[in-house]
Amino acid sequence: MVFILKSGLSEATIKAFSESFERQGFSTIISKGTEHTAVCLIGNTASVDMDKIVATSGVVEYARRVTEQYKAVNRTVHPDDTIIKVGEAEIGPDTFTVISGPCSIESEEQIVEVAKSVKASGAKLLRGGAFKPRSSPYSFQGLGEDGLRMLSTAKKETGLPIVSEIMNQTQAPLFEDVDIVQIGARNMQNFDLLKEVGQMGKPVLLKRGLSNTIEELLMSAEYIMSSGNSRVILCERGIRTFETMTRNTLDISSVIVLKQKSHLPVIVDPSHASGIRSFVAPLSKASLAVGADGLMVETHNDPAKALCDGAQSLDLKQFDELMKELKRRAPLENRKI
Ligand code: PEP
Ligand code: MN
């Protein structure tokens, strides 16, 4: 059950209202929007007389039952879209924010060259994998801590905030300079890791698992939010289906569902979704058209020599062309890019 409170209430009034339910044995989530604050009750609310509380409390604008298991991520609990600010970048309903960079950080020269170029083209954040979840133990595993240092150098040289994947809890201290911590598809249901990033105090980019439903993605976001971190960005990156012509199947409808069910920003990763370079631009345009809040696109200064995911990586010129195309289209969707 969620109570959407009247606007302009003091912190003390909101706290007193929420504590009145905690005394009855409920947990509460207080969710602050731009206009309204919501108080959501967790527990068996069957015996709570919702209408009476609306009529008598004096602080409630309206109330709803929340039937879904996910509460904090639920749009019913938080009707306004969440906007996540990272440095100069903003991820949310008015913008179309592009994150770009190589699959893996391979050297300082490589990451700095890519960073400068994607920034000039209009990317607002730089990605780069230092810890790589590879299907084969014999494939390049990433440069680890050294890679993160190189990524920090690229951040210093360009001013771009950085995004990198964490693979387990012990790596958390290494991510101090990382602006957005990525949870990869293969870790979407690593619940201990979700709880850990819930406490890291920085935005989390949560990718949909290879074989996970939209509801499971929302429940994983709920783990992060219920651990104390409300800055979660959801990422559709394609799911595994019977289709073999593409690396994964981009579930473009998931963007619509996620935006309907949740207030969190949603971005699309067309690179892992398709695995094919020439598909990246059309899928990017589709993502903009369907209402995504941005993209994560893999780029490389020399894709043919990439140590990971070269076949799906745009070269720097192709990325620049894509950004030009997106800049032409974004205003038609009321998005700043
Ligand atoms: C990545 O973004 O580097 C990555 C490994 O993607 P995913 O987890 O979606 O496979
Ligand atoms: Mn990759």
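Predicted model: local features only at pLDDT ≥ 70, side-chain atom pairs only at ≥ 80, totals over all residues.
## The manganese site

Four protein residues supply donors to the manganese ion (ligand 2): Cys 103 (SG), His 272 (NE2), Glu 298 (OE) and Asp 309 (OD). Along the sequence, the donor residues follow the spacing C-x168-H-x25-E-x10-D.

Are they buried or exposed? Both His 272 and Asp 309 are buried.

## Ligand 1 and its surroundings

An N or O atom in the side chain of Arg 127 is 2.7 Å from an oxygen atom of ligand 1. For the side chain of Arg 186, the distance from such an atom to a ligand oxygen is 2.8 Å. Ala 185 uses its backbone instead: an N or O atom there lies 2.8 Å from an oxygen atom of ligand 1. How much of ligand 1 does the protein bury? Alone, ligand 1 exposes 290 Å², and the protein buries 96% of that.

## Asn 248, a contact of His 272

Asn 248 is placed in the loop between β12 (232-236) and α7 (253-261). Its relative accessibility is 5%, so Asn 248 counts as buried. The Asn 248 side chain reaches the backbone oxygen of His 272 at 2.8 Å.

Which residues does Asn 248 contact, leaving aside neighbours within four places in sequence? They are Arg 237, Gly 238, Ile 239, Arg 240, His 272 and Ala 273.

## Helix α10

Helix α10 has 14 residues. At 1.5 Å a residue, they should span 20 Å. The C-alpha atoms at its ends are 20 Å apart, which agrees. At the start of α10, a side-chain oxygen of Asp 315 comes to within 3.1 Å of the backbone nitrogen of Lys 317.

The buried residues in α10 are Leu 316, Phe 319, Leu 322, Met 323, Glu 325 and Leu 326. An α-helix has 3.6 residues a turn, so residues three or four places apart point the same way. The cover over the buried residues of α10 includes β7 (97-101), α3 (108-121), α9 (277-290) and β14.

## Helix α4

Helix α4 (residues 144-158) has 15 residues. From first C-alpha to last it reaches 21 Å, close to the 21 Å expected at 1.5 Å a residue. Its buried residues include Gly 144, Gly 147, Leu 148, Met 150 and Leu 151. Ser 152, Thr 153, Ala 154, Lys 155 and Thr 158 are buried too.

What covers them? The cover includes α3, β8 (125-127) and β9 (162-165). Gly 159 follows α4, and its phi is positive, near 80°.

## Ala 16 in helix α1

Ala 16 lies in helix α1 (residues 11-22). Its relative accessible area is 45%, so Ala 16 is partly exposed. Ala 16 and Phe 279 are 263 residues apart in sequence. In space, they are 53 Å apart, C-alpha to C-alpha.

Note on methods. Residues numbered from 1 in each chain as written. Chains lettered and ligands numbered in written order. Heavy atoms only, no water. Donors = N, O, S within 2.8 Å, 3.2 Å for Na, K, Ca; no water. Buried < 20%, exposed > 50% of the residue type's maximum accessible area, 1.4 Å probe, protein only. Helix = DSSP H or I, 4+ residues; strand = E, 2+ residues; numbered from the N terminus. Expected span 1.5 Å × (residues − 1). Contact = heavy atoms within 4.5 Å. Polar contact = N/O pair within 3.5 Å; in protein donor to acceptor, adjacent residues only side chain to side chain. Areas by Shrake-Rupley, 256 points an atom, 1.4 Å probe, with all protein chains shown as cover.
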